[in-house]
Amino acid sequence: AVARAALHTTAHNTANVYTEGYNRQKAQVVSAGGLLRPGVGFFGSGAQVSTVTRSYDQYLVSQLVQAQAGGAALATYHEQIGRIDNLLADKEAGLAPLLQGFFAGVQGGANAAADPAARQQLVSAAQTLAGKFRSVDQYLTELHASVGGQVEGTVNQINTYAREIATLNKQVAMLSASAGGQPPNDLLDQRDQLVSALSQLVGTRVVVQDGGQYNVFIGNGQTLVLGDNARQMQVGPSQADPSRQSVSLAMASGASVELRDADLSGGALGGLLQFRAETL
């Protein structure tokens, strides 16, 4: 029975070698103890499988989650700021050559104030520069709307992950209790994979509570998942500035609490909010 259990575990590992987020499992074999024969002593009765564990380190996973959140925020910020950099700093199509042309026209007009050609060159350079400013303004306005759409899409995905983690929390607690405390390893892998994906959207911290359920916190300590309950995030007009979209978190009472952009650091959402606040 012990050898069969070990073979089943090995076969399961082989079958899931390409499964994303899967952690290798191992059948833990212990001595089955001894049987007492009066007057002789204890004779060994073989071995037995005590449990099946997975190769998993909570500390390393926690460090990975934090690193993923920071990396995703920087990647998102870099991607967004590159769109402005390409617009403004391009040596051929950006603002710089038009500004140079405008000031060259100003200098030419100053040097030959009575020359109609010099004055016309200045006017043309000014009109071209003004046109560029208008197109830049339109582009940045559209970029602002695009960022708002990305924020809303990211929040919707965060809500989806939160609900799935809460559902898995419930399943893990039920199966573990029915199995006498034995861990449902495959469900634990699925849940960790969801937490990993969540960390790439927003800074995430996980606390393991009794029963093996995850409490998931985001931002500055706001509760997103508490056991088998998931709170939902929302996007809507800011109370301080209705023209700007802000992110809020639904509380257990049903009320929504608006979150500051600075409280939602990490992940794609943190990168988008930082870009919008500091650069755009």
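In this predicted model, helix α3 meets α4 through a run of residues that includes Leu 95, Leu 98, Leu 99, Phe 102 and Val 106, along with the glycines Gly 101, Gly 105, Gly 108 and Gly 109. On the α4 side, the partners are Ala 118, Leu 122, Ala 125, Ala 126, Thr 128, Leu 129, Lys 132 and Phe 133. Sorted by class, that contact comes to 11 nonpolar, five polar and one charged residues. The axes of α3 (residues 95–111) and α4 sit 8 Å apart, at an angle of about 155°. Angles over 145 degrees count as roughly antiparallel, so that is how α3 and α4 run relative to each other. Their crossing is left-handed.

From α2 come Ala 69, Ala 72, Ala 73, Thr 76, Tyr 77, Gln 80, Ile 81 and Ile 84, and from α6 Gly 267, Ala 268, Gly 271, Leu 272, Gln 274, Phe 275 and Glu 278. This contact counts nine nonpolar, five polar and one charged residues.

Then there is the core. The largest nonpolar core holds 36 residues, with Val 151, Ile 158, Leu 198, Leu 224, Met 233, Leu 264 and Leu 269 making the most contacts inside it. Elements giving it two or more residues include α2, α4, α5 and α6, plus strands β6, β7 and β10. Helix α4 supplies the largest share, 11 residues. Leaving out residues up to four places away in sequence, Met 233 touches Val 155, Ile 158, Asn 159, Ile 218, Leu 224, Val 247, Ser 248, Leu 249, Leu 264 and Leu 269.

How values were computed
Residues numbered from 1 in each chain as written. Predicted model: local features only at pLDDT ≥ 70, side-chain atom pairs only at ≥ 80, totals over all residues. Heavy atoms only, no water. Core = buried A, V, L, I, M, F, W, Y, C linked by side-chain atoms within 4.5 Å. Buried < 20%, exposed > 50% of the residue type's maximum accessible area, 1.4 Å probe, protein only. Helix = DSSP H or I, 4+ residues; strand = E, 2+ residues; numbered from the N terminus. Contact = heavy atoms within 4.5 Å. Axes fitted to C-alpha atoms, helices over the stretch in contact; angles between N-to-C directions. Parallel < 35°, antiparallel > 145°, perpendicular 65-115°, else oblique. Left-handed = near helix turned anticlockwise from the far one by under 90°. Nonpolar A, V, L, I, M, F, W, Y, C, P; charged D, E, K, R; others polar.
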